[in-house]
Amino acid sequence: MGRTRQAAGAGLALMTVVLAGCVNPSARIASSLEGYGFAPDQSQCVGDRLEKNLSIGQLQQLGRAARATREGDTTPGRLTVGDFIRVAGQVRDPKVPLEVTKAAAGCGIVSSAPAVL
């Protein structure tokens, strides 16, 4: 359950930023990931890929999944790639976790050490 909360926190932060107007999702996603300790170039890469390959509706679904998982969690956690992908896996649209995984792998985040808060 603790991992789910951690994943939710990461996803919530990411998608809250994306959903706050849905203007320039790539930059908003990148900013959120940087806040969790990922390298700026990797964060921007993930943001660019998700903006390119997911619709605003799919990003919103991801945000809803993150919020639902995050509900009631008052403890900050750490964001790992696994947490990020687990939140995406909660979306019923199979394209969402696929694209999140591809973006993380394609941007070198999968091979990186996890970010710790």
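Predicted model: local features only at pLDDT ≥ 70, side-chain atom pairs only at ≥ 80, totals over all residues.
Trainee: Okay, how many helices and strands does the chain have?

Mentor: The chain has six helices and zero strands, so reading along the sequence gives the pattern α-α-α-α-α-α, where helices (H or I, at least four residues) and strands (E, at least two) are DSSP runs numbered from the N terminus.

Trainee: And what share of the residues is buried?

Mentor: Of the 117 residues in the chain, 41% are buried, where buried means under 20% relative accessible area, exposed means over 50%, and partly exposed lies in between (1.4 Å probe, protein chains only). The chain exposes about 5,700 Å², and carbon and sulfur atoms supply 54% of that area; accessible areas come from the Shrake-Rupley method with a 1.4 Å probe, and for residues only the protein chains shown count as cover.

Trainee: What about contacts between residues at least 6 apart in sequence, how many of those join residues at least 24 apart?

Mentor: Among those contacts, 72% join residues at least 24 apart, and a contact here means heavy atoms within 4.5 Å.

Trainee: Switching topic, how many salt bridges does a search of the whole structure find?

Mentor: The search finds one salt bridge, which is defined as a side-chain nitrogen of Lys or Arg within 4 Å of a carboxyl oxygen of Asp or Glu. The side chains of E99 and K102 form this bridge, at 3.3 Å from N to O.

Trainee: Where do E99 and K102 lie?

Mentor: Both E99 and K102 lie in helix α6 (residues 95-106), three residues apart, which is about one turn of the helix.

Trainee: Are those two buried or partly exposed?

Mentor: E99 counts as buried because its relative accessibility is 7%, whereas K102 is partly exposed because its relative accessible area is 43%.

Trainee: Staying with α6, at what angle does α5 pack against α6?

Mentor: Helix α5 (residues 81-89) and α6 pack at an angle of about 160 degrees, with their axes 8 Å apart. That makes α5 roughly antiparallel to α6, because angles over 145 degrees count as roughly antiparallel, under 35 as roughly parallel, 65 to 115 as roughly perpendicular and the rest as oblique. The axes are lines fitted to C-alpha atoms, for helices over the stretch in contact, and the angles run from 0 to 180 degrees between N-to-C directions.

Trainee: Which residues meet there?

Mentor: V81, F84, I85, A88 and G89 in α5 meet V96, P97, V100, T101 and A104 in α6. L98, which is also placed in α6, is partly exposed with a relative accessible area of 45%, and the C-alpha atoms of L98 and A88 are separated by 8.3 Å although the two are ten residues apart along the chain.

Trainee: How do the axes of α3 and α6 cross?

Mentor: The axes of α3 and α6 come within 9 Å and cross at roughly 150 degrees, so these two helices are roughly antiparallel to each other. The residues of α3 that meet α6 include C45, V46 and R49, and among their partners in α6 are E99 and K102.

Trainee: Then what about α2 and α3?

Mentor: Their axes come within 7 Å and cross at roughly 140 degrees. S26 is found in helix α2 (residues 25-35) and is buried, with a relative accessible area of 2%; leaving out residues up to four places away in sequence, S26 touches Q44, G47, D48 and E51.

Trainee: Is D48 buried or partly exposed?

Mentor: D48, in helix α3 (residues 40-53), counts as partly exposed at 39% relative accessibility. D48 and A30 are 18 residues apart in sequence and 8.2 Å apart in space, C-alpha to C-alpha.

Trainee: Last one, where is Y36?

Mentor: Y36 lies in the loop between α2 and α3 and counts as buried at 15% relative accessibility.

Key
Residues numbered from 1 in each chain as written. Heavy atoms only, no water.
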